[in-house]
Amino acid sequence: MANVWSGVTIDCLDPVRVARFWSALLGREPGPSPEGWVYLGERGDPQPRLVFQPVGEPPTGKVRIHLDITVDDIDEAMTAVDELGGRFTGERHDYEEGVVVVMADPEDHEFCLVEYYG
């Protein structure tokens, strides 16, 4: 049996708005999607596709899984997230190998920007 990671699904009150944020941040275009949903990428793409699923209730509590986005310049990436409608949560971790900042998208889904040194 071949197991392949094919995607990540994110629950959203407004899938179009959240997908637009992630599409701009990652440079991934929407692919064929069922009504009300938005897929970034298509099945079989080299990267797992991101799926934005409509739900009727806002999140409650911290989600226990998140995306890490590797960037070349942490400050530029943080500015880009802010300009796209996301925000910095105030959490930053500095390590010998690099820096990690915790960000949130327009619906407060947390993710990390990671800049590796060297």
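**Cysteines, core and pockets**

The structure holds 0 disulfides (a disulfide being a pair of cysteine sulfur atoms within 2.5 Å). C12 takes part in none, and the nearest cysteine sulfur, that of C112, is 18 Å away. For C112, that separation from C12 is too far for a bond. Both cysteines are buried (under 20% relative accessible area, against over 50% for exposed and in between for partly exposed, with a 1.4 Å probe and protein chains only): C12 has a relative accessible area of 0%, and C112 one of 7%.

The model is predicted, so local features need pLDDT of at least 70 and side-chain atom pairs count only at pLDDT 80 or more, while totals for chains, interfaces and linings use all residues. Residues are numbered from 1 along each chain as its sequence is written, and side-chain values use heavy atoms, with hydrogens and water left out.

We turn next to the interior. In soluble globular proteins, nonpolar side chains tend to be buried together. Leaving aside residues up to four places away in sequence, F52 is in contact (heavy atoms within 4.5 Å) with I10, C12, P15, V18, A19, W22, W37, V38 and L40.

Now for the open spaces. A pocket is an open set of points on a 1 Å grid over the protein atoms alone, where a 1.4 Å probe fits, with protein on both sides within 12 Å along at least five of seven lines; lining residues have an atom within 4 Å of a point. The largest pocket has about 710 Å³ of space, a volume being the space filled by probe spheres set on the points, which are joined across faces, edges and corners. Its lining comprises 26 residues, with V63, R64, I65, H109 and E110 closest to the centre. β1 gives the most to this lining, with 4 residues, and β6 (87–95) and β8 (110–116) each supply at least two.

The second largest pocket has a volume of about 210 Å³. Residues lining the second largest pocket include W5, R28, P48 and D68, and β1, β4 (49–54) and β5 (68–70) each supply at least two.
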